[in-house]
Structures are given as structure tokens and as C-alpha cells.
Amino acid sequence: MAGLKQFIYIYGPPGVGKSSTGKILAESLEIPFFDLDIEIERNTKRTISDIFSKDGEQKFRKIESEELYKLLDEKSGVIALGGGTLLNSDNLRKSSAMGPIILLSADSQVIQNRLSADPTPRPLSINSDMLNTLLNDRKNHYDSFEMKLDSTNLNPIEVAWEIQKMIGRYQITGMGNHYPVYVQENCLMDIGQILDEKAIGKNIAVITDQNVADFYQNDVLASLEKWGFDTSFIVLPPGEESKNIHSITRIWRELLNNNIDRKSTIIALGGGVIGDLAGFAAATYMRGIDWIGVPTSVLAMVDSSLGGKTGIDLPEGKNLAGAFYPPKMVIVDPTVIATLPTVEIKNGLAEVIKHGIISDPDLFKYCEKGLEYIKSNWGQIIRQAMAVKVKIIIEDPFEKGIRATLNLGHTIGHAVESLSDFSIRHGEAIAIGTYQEARISENLGLADKGLSEAIKVCFSSLDLSTEIPNFINPKQLAQSMKFDKKRKDGKLFFALPKDIGEVKEGVEIDDLEECIIEIIEGK
Ligand SMILES: NC(=O)c1ccc[n+]([C@@H]2O[C@H](COP(=O)([O-])OP(=O)(O)OC[C@H]3O[C@@H](n4cnc5c(N)ncnc54)[C@H](O)[C@@H]3O)[C@@H](O)[C@H]2O)c1
């Protein structure tokens, strides 16, 4: 079975938090939650202990399998399994074909404490000797699951979030319309089936650029046609030069020529340029039609596809016209990074490192290991880097507060980018900006000495320079920053790193020029 995985299973011994975590996870993803034990009791109108004591375990396991298969006929959901449901090899095979199984574990004493503190009646009562025997007997079975999560030191909300990061499933809320984000290896080849499963209308326009089309147009078209989609492609020249009103006019007119109407859907297949353009075209064509983001560059996956910002550049500057217009869903296939040129990979990784500094020290550590490590672990790195932004935009969809932390490195970075006439690429400029802003943070006493060096070493391991180029002088840099788009009431606020994993937003600097001279002259 291809398409998107329909179910998420929470499994493990009694007391690890399968039900409480499953419920929270389902609520966050806005999908149904099923507790297999409760389904069994409801449908048999008997308690599990009654079935066990009167009919024996074998009979119980038979009922359990039947109830599990009934649930697998549902469309999708989170299923909290019983502690031994997957001892049955058929149950294991059928379940794993339809979604990831997360094995929760916890220290046995912690499990015992949780079980005795929990007032809700359990399907089967269990004392500490029984628990230890069960854990021993099932050790090999539980160890055999690939996705494991130790819940000993986490509450159910934290466990649910860790699961989301492991499997790459998010639901973005807070902007009026909620939308899901799916990360799944090789899913691009199943795009037709996925859109069919999600009941997307059959009239589709795919907007992409020539580089991406060269690699993926044929496969995407074949998949869409196989699932009965009437598909047209609009292929633009690659690069920032396309992000303008002329491309938008061209897109509007091609959409009209291809009979795209208000019930049709635009697919944005490409990097951040395509996402911004296609999203803005969707926001404005016929006063707004649905669109789906299918980001293909690292930067687009971890940054631009999330948050609903769409737009174009004007001759006067970048991103000066646009709209907040969230997509209907975002579908990410990390395997397409294989065709992304190295220079683009590094460009995106600067944002990944930035996300690590904002709130995920583990992500920062992965980046410190260098490009070869990253290339062998794209799935995990993309999922975690996305999680940082997802969490922030859910909390602050319209950039009223904490979302400003995402501007780390961007105040100096944007100025460097623009003073270099964009010969320095965005990611390179963000590396410079993040390091230099860390130095400001140290000078202000916000961060301990040594933070900027750690950040520099991390960027250097990916061959990203952190020095302000010689052709930019302090006065110019300070001047350019004064025109930053992020000014409020004429004042410029920085997001400055306090530590790896912690950023303070809203820091106003009294004498900007003096401060820039200090960092450029290395004081
Ligand atoms: N909307 C937002 O919130 C937001 C946030 C950050 C950046 N952005 C915008 O994103 C843009 C930059 O995005 P980008 O770095 O992805 O640039 P891009 O879209 O130009 O893509 C970079 C290059 O990689 C190529 N490419 C993309 N995916 C590929 C793949 N899988 N295989 C081979 N080639 C591939 C593209 O053709 C292009 O040449 C900028 O315009 C920026 O303003 C928007």
C-alpha cells in the first residue's frame, strides 16, 4: 500500500502512557483517537478482566485482533494498542503496513508509580512482580521495534510532540484554516494517490521551475494521471529573477487557458521561489483558490513552506508585495534533496542550524557532525528542523511575539545580502548574521563568551563563512539595517542567541553604529 500512512500506533507495556499520549497526539493532529482496550470493552459489552478470567487469554487475543482489524477499516487515526497486541504476527504485519508504530518505554519504577497514582480503572490490574515478569518476558519483543521513545522523564504532552517530530506529522493551526504537514520518504511518487485519498478536486495545475521539472515532471504527471487528475504544468525559469509580477501575470493567464476554476487546486512543486509565487498566485487568482505546498529544497522544506507567507519581489526590494495565504496541506518528500545542488543544500542548512540555535540543541549537534552525516540522516534532520518552525508559528501565527525569534541572524544577514547586491546567497548571509549577532549578544552580556565560537565552528563544518566581507564597512552595514523591513515604530529589534537552544527576541540596541564597529573591529 502506498500513499500516506493512515494510522499512528502507540504501543508498549502498561503504564507507559499509551492512552494519554495517544489522545493528545490525535487532538494535536485533529484526527480521530481510538483506544483498542476501550473499543473491545464497548463492542463486547464486557470488561477485559471479565473476558480474561472467564474465557482465557487466547479468546481475548482473538477478540483483540478482530477489533483491531475493524479499526483499520477507518480512514485514519491514532490507535493506542494493548500492551501485547502486536505479539500476534498478523496484527503486526497488518498494522505496520498502515503506519508507524511508536514503542513507548519507561523505567519500571516510574511505570509502577504511575500505575498506582492513576485513579482510572485499568483493563487488568498489575502489581510490581507481575510488571517485572511481563517486562522481562516481552523484552525482545519490545526491543524489536524501530521507533522507540523513553517516556520516563516526559509528560504526555512532551511525548506526543516527540512522536510528531519522529514521524514528521504536524497540524498547523492559528491562521483561520488549519492544515496538515506530512513528511514521508518517497511520497512524491505517490502524489496522485495522496491527493485522491485527501479528496482533492480532479482539476490540478502544477507550478514548478525548469530545474525541478527536469527531474520530477514526468513522474508527478504519471502519478496524477494514474489517479484520474486532469493536470496542467506551468514551468517557470528557475531562480529569484522569476519572483516578480510578470511571472504572476503569466501564471494567472495560463491558469485561465487551462480552465483552472475556483474548485481547482494549485500544486507548488519547487523551492521557496516557487512556493512564494504559486501561493501568491493561488491567493489572488479568482480571489483565491486552494493550493498545496510540495517543497523540494531544504530551505523550502524547513522554512518557506511553513507559515503561509506568499509573495513576490519588487524592483525596490525583496518580498515587498504578498499575502498571508496558507496552503491546504504541505507534503514533504526528503528524498528529493538527492538532486538538489550542494550549494543549495548549504543555503538551506544555514536555516537548519538557525533552528537548532533557536530551540533544538540536538539538531545543532547533528549539524556540527558535517555534511556527510547530514546527508545520511535527512529524514530526521528535516523533521526536527520543521518542528522548530511549526511550534513557533502555531504559537504566534501573525508575528506578534515569539515568531520574531525566527529572525535570528536575519537583521545583519539581510543587510549583508543586500549590500552584496545578492552575490552573497541568503544562507551564506544568515550564517554571517547569526555568528555576528551571537557576538553582539556576548558583548551585551546576554550570552556567555564562547557561544559565538561554537556557532562559527558549526557553520564552518558546512563550509559556510561567518565573516563580514571586507567590502562592507560598519557605517554602511548599520545604515542598511536601519531600513530593515522588521522595524517597528522606526526602532530596530534584534533576536539574539543566549545559548544553543535559547533566543531572546525584541532586543533594542542603543547605538547601532557603535555596536557594529565593535563587532567588525573584533572588540
Ligand atoms: N514564504 C516564506 O516564509 C519564506 C521564507 C524564507 C524564504 N523564502 C523565499 O524562498 C526563496 C528561496 O528559496 P530556495 O532557496 O528554495 O530557492 P529556489 O526556489 O530558487 O530554489 C533553489 C534552486 O534549487 C533548485 N531546486 C529546488 N529543488 C530542487 C530539487 N529537489 N532538485 C534539484 N534542484 C532543485 C531550484 O530550481 C533553484 O534553482 C526566496 O525567494 C525567499 O524570499 C520565503
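## Nonpolar cores

The largest nonpolar core contains 78 residues, and those with the most contacts inside it are Leu-195, Ile-331, Val-352, Trp-378, Ile-382, Met-386 and Ile-455. A nonpolar core is here a set of buried Ala, Val, Leu, Ile, Met, Phe, Trp, Tyr and Cys residues joined through side-chain atoms within 4.5 Å. Buried denotes under 20% relative accessible area, exposed over 50%, and partly exposed in between, with a 1.4 Å probe and protein chains only. Helix H17 (residues 378–395) gives the most to this core, with ten residues. Helices (H or I, at least four residues) and strands (E, at least two) are DSSP runs, numbered from the N terminus. Trp-378 is in contact (heavy atoms within 4.5 Å) with Val-298, Ile-337, Ile-345 and Leu-349, leaving aside its neighbours within four places in sequence. A second, separate core of 42 residues includes Ala-26, Leu-36, Leu-134 and Phe-145.

This is a predicted model, in which local features need pLDDT of at least 70 and side-chain atom pairs count only at pLDDT 80 or more, while totals for chains, interfaces and linings use all residues. Residues are numbered from 1 along each chain as its sequence is written, and side-chain values use heavy atoms, with hydrogens and water left out.

## The five-stranded sheet

Five strands form an open sheet in the order E2-E3-E1-E4-E5, with parallel pairing; two strands pair if DSSP finds at least two bridges between them. Strand E2 (33–35) and strand E5 (147–150) stand at the edges with a single partner strand each, so one side of each has no neighbour in the sheet. From one strand to the next, the twist averages 20 degrees.

Three bridges join strand E1 (residues 7–11) to strand E4 (residues 101–105) in the parallel sense, and Ile-10 stands opposite Ile-102 in E4. Helix H2 (residues 36–44) lies across E2 and strand E3 (77–80), running at about 70 degrees to E2. Axes are lines fitted to C-alpha atoms, for helices over the stretch in contact, and angles run from 0 to 180 degrees between N-to-C directions.

## Cysteines

The count of disulfides (pairs of cysteine sulfur atoms within 2.5 Å) is zero. The sulfur of Cys-458 is 5.3 Å from the closest cysteine sulfur, in Cys-367, which is too far for a bond. Cys-458 is buried, at a relative accessible area of 0%; Cys-515 is also buried, at 11%.

## Positive phi in loops

Ala-199, in the loop between helix H9 (191–197) and strand E8 (203–209), has a positive phi near 55 degrees. Ala-199 is exposed, with a relative accessible area of 67%.
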